[in-house]
Amino acid sequence: MEKFVIRGGKKLSGRVAVSGAKNSSLALMPATLLTSGISKIYNVPEVNDIYTMIKLMEHLGANIKFENNTVQIDTTNIISQVAPYEHVKKMRASIYVLGPLLSRFGYAKVSMPGGCAWGPRPINLHLEAMKKLGASIDIDEGYVIAKANKLTGAKIHFDIPSVGATGNTLMAAVLAKGTTVISNAAIEPEITLLAEYLQLMGARISGIGTTVIEIEGVDELKPSEIFNIPDRIEAGTLLLAGAITRSNIELSNVIKEHLESVLIKIEESGAKLSYDNGIIKINAENLNIKNIDVTTAVFPGFPTDMQAQWIAYMSLAEGTSKVTDTIYPDRFNHVPELNRLGANIEVINNSAVVKGVKKLKGAKVMSTDLRASASLVLAGLAAENVTEVLRIYHLDRGYQRIEEKLKALGADIERVPTEEY
Ligand code: EPU
């Protein structure tokens, strides 16, 4: 086991580059299962969720090399259409293999993802969409078993614009017979990139980046290459590291349009931002952090994946703010841990009421999930004395060696082996 030991209160400065996005990579990689041959994805982050996806796809028969943030996937010898529990239990995004396997092979057996640390995360929309495309779906011994001789295009309307269900349906529909129309589709940048990748592979898709996507099925696809987008959540997290420590820092490899809702809130809180050609600068020197409410929403709304970090930031604001999560109403495991650092936060239904305090004070805290861990690191950077963040394996699922980036910016943070769990 490892932990972070953070000596807080240091000013940050300098520039670091944001890594490639985890969540787009987790959709792009299974898309390669739709064809036979060698595909390449550039700018993939070295994070544990990617290694989990690699292991799962290797189990299916893919031959994968992952070096220098490039993943090369050879799908010539896919020998299994079964995603076993041992892989899926580690990462819910494993469900992304359902659509491509079903579409290319007419069969997929995928372990049902269970709940996650902050509550239920159903996959009903994925399964309903596969049924609409003509698949039979059975649940047996904890597995989803999907079968279809040939999927057929259909009209699919999502009651909720689910990222994962939109991705899975896109991957299923590209090889279906006829036309599929997805309405109320997710428009997150990761889904837009997936659709663009499918197009490069030869798929016929229109309405990319809009809530109505039309797919005309083709008989086969060919392997292709794509350069992944930067991770907008890592960018947002690092910007808040600058803001919460009242520092001036710069991030390169940022797409501003992917981050607009977060940038607006950061500016409302009093920090100054400037952007030029993929580089974003934050000036938060002597910042008195204003209390700013946020409500999470689907893209282009404020991302739920930035909610925990925003709460950490607001814990040092001048007044009281309300942070509401409409996507995951129970995603507040970080709150009791932030309170251990001296924050004053109360959760009422799906909102956190954050009463700003003058200072946070270091303590031992425990990561419970990926973004919760990021919020504890942010709080630790600003807190007096030493903060120890335990169970950082959660953080390593989605941030590529974040301590190295923070150190490069001048933070006093060490990764240390520990017996503590
Ligand atoms: N939902 C359903 N039924 C479904 C699918 C989703 O009711 O079949 C609900 C969910 O319970 C939730 C909402 O729809 O309330 C949105 O969930 P969505 O399907 O969009 O989320 P996801 O695809 O499971 C992705 C990201 C998450 C991120 C969410 C929301 C990946 C691999 N994961 O999950 O990322 O929080 O979108 O933006 O892309 C993270 O990176 O920390 C993370 C959790």
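The C-alpha centres of domain 1 and domain 2 lie 31 Å apart, the domain bounds coming from an automatic or database domain assignment. This is a predicted model, in which local features need pLDDT of at least 70 and side-chain atom pairs count only at pLDDT 80 or more, while totals for chains, interfaces and linings use all residues. Residues are numbered from 1 along each chain as its sequence is written, and side-chain values use heavy atoms, with hydrogens and water left out.

Reader: Which residues make up domain 2 in the domain assignment?
Author: The assignment gives domain 1 as 2–19 + 230–417. Domain 2 is given as residues 22–227.

Reader: How many residues does domain 1 bring to the contact with domain 2?
Author: Contact means heavy atoms within 4.5 Å. Domain 2 supplies 21 residues. From domain 1 the contact takes 24 residues.

Reader: What area is buried between domain 1 and domain 2?
Author: Buried area is the accessible area (1.4 Å probe) that two parts lose on being put together, summed over both. Carbon and sulfur atoms give 48% of it here. The area buried between the two domains is about 1,800 Å².

Reader: Which residues in domain 1 lose the most area to domain 2?
Author: Together they make up 31% of what the domain 1 side buries. They are F299, R397 and Q400.

Reader: Which side chain meets R397 in a salt bridge?
Author: A salt bridge is a side-chain nitrogen of Lys or Arg within 4 Å of a carboxyl oxygen of Asp or Glu. Across the interface of domain 1 and domain 2 the rule finds three salt bridges. For R397 the N to O distance is 2.7 Å, and the partner is D49.

Reader: Which residue of β21 is the bridge partner of I345?
Author: Strand β20 (residues 344–348) runs antiparallel to β21, and five bridges join them. N344 stands opposite K355. The partner of I345 is V354.

How values were computed:
Two strands pair if DSSP finds at least two bridges between them. Helices (H or I, at least four residues) and strands (E, at least two) are DSSP runs, numbered from the N terminus.
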